[in-house]
Amino acid sequence: MTALDPPDAERSTTSRTAEPDPAPAADPDTGDDTILGRRHRALTLGIVTVVSLIAFEASAVNTAMPIAARALDGVELYAYAFSAYFTASLFAMALSGEWCDRKGPLPPLVGGIVAFGAGLVVAGTAQRMWMFVGGRAVQGIGGGLVIVALYVVVGRAYPRRLQPAVLASFSAAWVLPVLVGPVVAGTVTEQAGWRWVFLSIPVLVLPPLAVMLPALRTLPPGGRSPAMDRRRILLALAVAGGAGLLQYAAQDLAWYSLLPAAAGLALLVPCVLRLLPAGTFRAARGLPSVVLLRGVAAGAFLGAESFVPLMLVTQRGLSATAAGLALAGGGLTWALGSYTQSRARLEPYRERLMGLGMLLIAVAIALVPLALAASVPVWTVAVAWAVGGYGMGMTISSASVLMLKLSRPEEAGSNSSSLQVSDALGNITLVGLSGVLFVAFGGAAIAPTTDATPTPAAASSHPAAFTAVYVAMATVALAGAWVTTRLRPRPAQR
């Protein structure tokens with residue numbers, strides 16, 4: 001622990017354990033001992049519906065975004081439509097954690113849903129690309145508020161024995177939207193216009209909120225001082241600003257990009273050290289390692305996944321649709337892995353499951369570059385990604401379970417936000433590293449196309465660029481497997 005660590009980080013020590021589960025045991029004969037029992041049914045259905053709508057929006061926007069950028073004559077701002085959401089959500093995650101700890105999860109959840117819907121309306125009615133990017137930033141604020149608040153709801157509304165099952169439902173809620181989102185969004189864009197992809201979702205968000213509201217009102221308020229920790233919120237704002245500057249610099253690797261990159265690092269590094277639990281970056285035992293692992297797992301997987309479709313299109317000549325379908329199996333097995341970790345009999349082996357999950361992720365990423373050889377069938381990638389998705393399901397959901405287990409009730413909001421901030425930072429850092437490696441090994445020379453036809457592999461063969469990305473991300477995943485040996489806190493000293 002250093003003198004720079006904030007008070008919240010000091011309270012989240014490596015040996016911290018949650019207070020005993022206050023929820024009374026349910027009577028199995030009443031059928032109330034499950035997340036869909038009478039006591040929890042409405043809240044569970046509401047949570048799953050909200051997560052599903054956010055997932056649908058995420059997959060649908062990827063489909064509609066190119067059309068929207070061209071329609072608004074703003075292709076040069078295309079990347080910012082994604083990064084605006086990401087950087088705004090970084091700030092909102094920390095804000096939501098403080099808000100939840102002091103006022104309970106209901107205010108940030110309602111505020112987040114309202115902001116998410118407002119951002120969709122702004123983006124859907126935008127007449128200029130900068131207005132569209134602004135709408136995406138408002139969406140990011142809403143998404144960051146909602147996701148942290150939902151984790152706090154799980155920690156406060158469900159007994160500990162049911163929390164793994166609820167968190168598994170988070171992953172399951174992504175499966176159908178990821179599969180049907182691009183098809184639905186493509187059809188709506190072609191038949192009614194891209195704006196309706198954004199404008200149709202806000203109306204759908206209100207019913208699940210109404211279903212959850214009675215249960216949310218019964219949750220206890222936060223247990224700390226009513227005043228929020230302004231220092232922590234300002235740190236989160238600085239982290240978001242630093243991440244935004246780094247993303248801006250990464251768009252152009254010219255010499256003058258060093259200036260925003262340096263400014264971004266100057267903001268990002270010291271603020272992250274203060275924002276996350278003490279000992280996170282040295283993998284201190286317990287909560288710090290849980291938070292670190294979340295960023296390592298998410299970043300390694302996404303850093304590799306981002307280049308899979310490009311590899312299949314440019315190196316093996318697949319269509320964009322076929323390349324995208326190669327990743328679909330990963331979404332299904334992700335849900336299966338999350339279900340596996342939720343089984344009560346596996347609870348004593350949670351840390352080992354996470355270690356196995358990280359090894360599966362490393363193996364999956366390492367198998368992908370084999371498809372660069374023409375003699376290797378392309379379905380190898382689909383199989384590899386199904387294996388990696390299963391590992392991610394076990395690891396990501398288990399990290400959320402351990403975070404709640406190692407958090408006092410009044411600290412669940414701050415620790416949930418730390419977990420989400422680590423996830424986002426892992427994505428930014430490792431996806432950025434993948435991009436730098438890709439360009440450094442010649443990937444920028446891949447011939448662009450102006451239509452949807454596949455690129456002949458012989459015309460743009462740069463296997464070294466893709467291999468560099470996958471080797472690096474597989475190595476990061478192996479490092480994550482070592483971090484799983486640090487998840488269990490040391491026994492408390494008597």
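**Figure 1. The salt bridge between Asp-423 and Arg-294 in the predicted model.** In this predicted model, Asp-423 and Arg-294 form a salt bridge whose closest N and O atoms lie 2.9 Å apart. The pair links distant parts of the chain, with Asp-423 in helix H17 (residues 412-440) and Arg-294 in helix H11 (residues 287-305), 129 residues apart. Asp-423 has a relative accessible area of 15% and is therefore buried, the limit being under 20%. Arg-294 also counts as buried, at 4% relative accessibility. The count of salt bridges comes to 3.

**Figure 2. The salt bridge between Glu-347 and Arg-350.** The side chains of Glu-347 and Arg-350 meet in a salt bridge, with a distance of 2.6 Å from N to O. Glu-347 is partly exposed, having a relative accessible area of 28%. Arg-350, by contrast, counts as buried at 1% relative accessibility.

**Figure 3. The salt bridge between Glu-351 and Arg-488.** The closest N and O atoms of Glu-351 and Arg-488 are 2.9 Å apart, and the two residues form a salt bridge. Distant parts of the chain are linked by this pair: Glu-351 belongs to helix H15 (residues 350-367), Arg-488 to the segment after helix H18 (463-483), and the two are 137 residues apart. Glu-351 counts as buried at 13% relative accessibility. Arg-488 counts as partly exposed, with a value of 46%.

**Figure 4. The largest nonpolar core and the surroundings of Tyr-470.** The largest nonpolar core contains 125 residues. Ile-47, Leu-90, Phe-132, Met-311 and Tyr-470 are the residues with the most contacts inside this core. Apart from residues up to four places away in sequence, Tyr-470 touches Ala-304, Phe-307, Val-308, Met-311, Ile-365, Val-368 and Pro-369.

**Figure 5. Helix H16, a largely enclosed helix.** Helix H16 (residues 379-405) is made of 27 residues. The distance from its first C-alpha to its last is 39 Å, close to the 39 Å expected at 1.5 Å a residue. Of the 27 residues of H16, 20 are buried, so this helix is largely enclosed by the rest of the structure.

**Figure 6. Helix H14 and its buried residues.** Helix H14 (residues 328-341) has 14 residues, which should span 20 Å at 1.5 Å a residue. The end C-alpha atoms of H14 are 21 Å apart, in agreement with that expectation. The buried residues in H14 include Gly-330, Thr-333, Ala-335 and Gly-337. Ser-338, Thr-340 and Gln-341 are buried in this helix as well.

**Figure 7. A nonpolar patch on the surface.** Leu-176, Leu-179, Val-180, Val-184 and Leu-332 form a nonpolar patch on the surface, and together they have about 400 Å² of accessible area. Helix H6 (residues 163-191) gives the most to the patch, with 4 residues. Leu-179 is located in helix H6. This leucine, Leu-179, is partly exposed, with a relative accessible area of 37%. In an α-helix there are 3.6 residues a turn, so residues three or four places apart point the same way.

**Figure 8. The loop between helices H10 and H11.** Ala-283 lies in the loop between helix H10 (258-275) and H11. Although not a glycine, Ala-283 has a positive phi of about 55°. Most residues other than glycine have a negative phi. Ala-283 counts as buried, at 3% relative accessibility. Phe-281 is also placed in the loop between H10 and H11, but counts as exposed at 53% relative accessibility. Leaving out neighbours within four places in sequence, Phe-281 is in contact with Val-272, Leu-273 and Leu-276. Phe-281 and Leu-293 are 12 residues apart in sequence, and their C-alpha atoms are 9.9 Å apart in space.

**Figure 9. The protein chain as the setting of the close-up views.** The secondary structure of the protein chain comprises 18 helices and 0 strands. The chain has 494 residues, of which 52% count as buried. Among contacts between residues at least 6 apart in sequence, 83% join residues at least 24 apart.

Terms used: Residues numbered from 1 in each chain as written. Predicted model: local features only at pLDDT ≥ 70, side-chain atom pairs only at ≥ 80, totals over all residues. Heavy atoms only, no water. Buried < 20%, exposed > 50% of the residue type's maximum accessible area, 1.4 Å probe, protein only. Contact = heavy atoms within 4.5 Å. Patch = residues over 30% accessible without salt bridge, like charges linked within 9 Å, V, L, I, M, F, W, Y side chains within 5 Å. Areas by Shrake-Rupley, 256 points an atom, 1.4 Å probe, with all protein chains shown as cover. Salt bridge = Lys/Arg side-chain N within 4 Å of Asp/Glu carboxyl O. Expected span 1.5 Å × (residues − 1). Core = buried A, V, L, I, M, F, W, Y, C linked by side-chain atoms within 4.5 Å.
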